[in-house]
Amino acid sequence: MGTTTSNGQVAGTVSAATPEDLRLALRAATLYYLDGLTQAEIASRLGVSRPTAGRLVARAKARGLVRIDVVVPPDMRDDLHADEERELEKRYGLTEAVVAGNLGRAAAALVMRRLAPNDVLGITWGPEQAAVAAALTPGVASCKAVVQLDGAMSTAAYQTGTEFILGRCADTLRASIIRLPAPLYADAATVTSMRSDSVISRTLEAGRRADVMLFGVGAVSTSTTLFEGSFLDTRMIDDLIALGAVGEIGGRFFDADGRPVHHELQQRAVSVPLQDIARCKKTILISSGPAKHHATLAALRGKLARLLVCDIDCARWLLAQDK
């Protein structure tokens, strides 16, 4: 961080100002940025009012008299990716992007920073979410409730980790649990019947209104938790691909622009709709691995996530798109 002038001017950007104007602005900026004085102290030192001192500092910055450098320590360049984070935020209109090696720990830190005591945290099940739950630190943050955003019951002997995720989050965040005692998919008539059930309807409504939503994305392939858990079969996957599906959140499939894909599973899913996810102001997407790149890109294009936690390979791939 420093100040720079050339005969009272910088690159011709301050030619309209008098030398005395520039001298005072430069002096104020030096006292503020280099000497660490407050605006009140600057005002006393220069014999001006406090508002004038503030204007002088602002004028120095606006005129190009101040140059600020943010430097990443050389020994931490593999761990800190500020440039990529800033570019992701700019490119995709994100509130915040976090690029890290340990996604569970990074996402947990983000969740704890963004949660308010009266918030309801909505969460889907999956390995990334389990890693976040495990990395939460007791006593750092709290919320009102943790609500399950998608059904998890399956006829297969597949462990979704839902109970661990909900229990760990609730214990660590000192929150109550709102469970969704339902399968992820059922036939349309059963889904209609379940929506009339008081417990399930209350849970889905709480999920739709959650203040913070935490989720991962799934690709449309046989190498996913939905296929491994027997929620989908190869015929369904082929049909979804034919319809342009590239990813899913909570069992809800979307195309390359993040728009819902009209498939029978839309009517059969017991989970919070994509439209409600898009309306939430604090949606946190966790993504890792090349298989999820296209799904992540589509979710960002569709504004399904306001905050992103990803690895450096995903970040660089995303920044190579949409140019």
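**Leu149.** I started with Leu149, which is found in the loop between strand 5 (145-148) and helix 7 (162-173). The model is predicted, and I read every entry below with that in mind. Is Leu149 buried or exposed? Leu149 has a relative accessible area of 3%, under the 20% cut-off, so I noted this residue as buried. I then looked up what Leu149 touches, not counting residues up to four places away in sequence. I found Gly122, Ile123, Thr124, Leu180, Gly207, Met213, Ser271 and Val272. I also checked Leu121, which is 28 residues from Leu149 along the chain; the two C-alpha atoms are separated by 9.5 Å.

**Confidence.** I looked up the pLDDT next. The mean for the chain is 89, and 89% of the residues reach 70 or more. Over residues 1-15 the pLDDT is below 50.

**Helix 14.** How many of the nine residues of helix 14 (residues 293-301) are buried? I recorded seven, which leaves this helix mostly covered. The buried ones are His293, Ala295, Thr296, Leu297, Ala298, Ala299 and Leu300. I listed what they pack against: helix 4 (82-92) and helix 15 (312-319), together with strand 8 (247-249), strand 9 (252-254), strand 10 (282-287) and strand 11 (307-310). After helix 14 comes Lys303, and I noted its positive phi, near 60 degrees.

**His293.** Leaving aside neighbours within four places in sequence, I found His293 in contact with Asp313, Cys314, Trp317 and Leu318.

**Helix 15.** I turned to the other side of that packing. The buried residues of helix 15 are Ile312, Cys314, Ala315, Leu318 and Leu319. Where do they sit around the axis of helix 15? They cover an arc of only 160 degrees, so they lie on the same side of the helix. What covers them includes helix 4 and helix 14, as well as strand 3 (96-99), strand 10 and strand 11.

**Cysteines.** I looked for disulfides and counted zero in the structure. Cys169 is in none; the nearest cysteine sulfur belongs to Cys143 and is 8.0 Å away. Cys169 is buried, at 2% relative accessibility. Cys314 has a relative accessible area of 0% and is buried.

**Largest pocket.** The largest pocket has a volume of about 260 Å³. Its lining has 22 residues, and I noted Val217, Gly218, Thr225, Glu248 and Lys292 as those nearest the centre. Which elements each supply at least two residues of the lining? I found helix 6 (127-135), helix 10 (225-228) and strand 8. The largest share, three residues, comes from helix 6. Strand 8 was already in my entry on helix 14, as one of the elements that its buried residues pack against.

Methods
Residues numbered from 1 in each chain as written. Predicted model: local features only at pLDDT ≥ 70, side-chain atom pairs only at ≥ 80, totals over all residues. Heavy atoms only, no water. pLDDT = per-residue confidence, 0-100. Contact = heavy atoms within 4.5 Å. Buried < 20%, exposed > 50% of the residue type's maximum accessible area, 1.4 Å probe, protein only. Helix = DSSP H or I, 4+ residues; strand = E, 2+ residues; numbered from the N terminus. Disulfide = S-S within 2.5 Å. Arc of directions from axis to C-beta. 1 Å grid on protein atoms, 1.4 Å probe; cavity = no way out; pocket = protein on both sides within 12 Å on 5 of 7 lines; lining within 4 Å. Points joined across faces, edges and corners; volume = space filled by probe spheres on them.
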